[in-house]
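Subject: Structure handover, salt bridges

Hi,

Here is the structure we talked about. Please have it open while you read the notes below.

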Amino acid sequence: MIATYTETQGRVLISPSILSADFARLADDIRKVETEADWLHIDVMDGMFVPNITIGPPVVASIRKHTALPLDVHLMIADPDRYVEAFVAAGADLVTVHAEACTHLDRVLQHIRSLGAGAGVSLNPATPLTAIEEVLDRVDLVLLMTVNPGFGGQKFIPSMMDKIRRLRAQAEHAGYAFHIQVDGGIGPANAREIYVAGADVLVAGNSIYGDADPAEACRRLRGLACES
């Protein structure tokens, strides 16, 4: 199970995205970040909800055997409730689904929690925060996509900074205790502004795995985000 927002409040968590790792040497690339990463972000794509296709439960189960890091599994798939149980059984500690992909979002989130995993909900850049306001009191994490999902290496959409601020303000006003995670175009140049805006979990792929020393890249990203 992932640590709650209350338990980690005041810290920035780094969740390297294996989408940017070398899949032929995945275990090795995971080991490269283990000393500095807080979670491991696993993007699951089905070629329907998003254009790309990545991995399924068997790969998550294999990853689980090679790391003690919490597995942060992001389901960018249509009708995700069909596969929630399989991913939790494979070792997912947190399962995040897209509000846009769920006909019955509350039911899906309840299902995830009933299986003992943390429940997250994600929004695409063009989806308003109002789409999830009725479930904010019962999620462990909200993932704001800061690029259009489906491919790594995209640039951060500048207007998403205000969306992060508005979600953090809403959470604080209502007394909600969920993580705010951001994914897409995150690196040394914007980590500080993103953290100040209200995000506490940074997903980074290219800026970590594109570095000669991925562990140092994690450490540097955290330091830049938290610098005073």
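A residue counts as buried when its relative accessible area is under 20%, and as exposed when that is over 50%. Asp-38, at 15%, is therefore buried. Keep in mind that this is a predicted model.

I looked at salt bridges. The whole structure holds 17. Three of them follow.

Asp-38 and Arg-11
Asp-38 pairs with Arg-11, with 2.9 Å between the closest N and O atoms. Asp-38 sits in the loop between α2 (26–33) and β2 (40–45), and Arg-11 in the loop between α1 (5–8) and β1 (13–16), so the bridge ties together parts that are 27 residues apart in sequence. Arg-11 is partly exposed, at 40% relative accessible area.

Arg-64 and Asp-93
Here the closest N and O atoms of Arg-64 and Asp-93 are 2.8 Å apart. This pair also links distant parts of the chain, 29 residues apart. Arg-64 belongs to helix α3 (residues 57–64), while Asp-93 lies in the loop between α4 (84–90) and β4 (94–98). Asp-93 is buried at 15% relative accessibility. Arg-64 is partly exposed at 23%.

Glu-216 and Arg-219
These two side chains meet at 2.0 Å, N to O. Both residues are in helix α9 (residues 214–226), three residues apart, so about one helical turn separates them. Glu-216 is partly exposed at 27%. Arg-219 is partly exposed too, at 37%. Through shared partners, salt bridges join Arg-11, Glu-36, Asp-38, Glu-216, Arg-219 and Arg-222 into one network.

Best wishes

Note on methods:
Residues numbered from 1 in each chain as written. Predicted model: local features only at pLDDT ≥ 70, side-chain atom pairs only at ≥ 80, totals over all residues. Heavy atoms only, no water. Salt bridge = Lys/Arg side-chain N within 4 Å of Asp/Glu carboxyl O. Helix = DSSP H or I, 4+ residues; strand = E, 2+ residues; numbered from the N terminus. Buried < 20%, exposed > 50% of the residue type's maximum accessible area, 1.4 Å probe, protein only.
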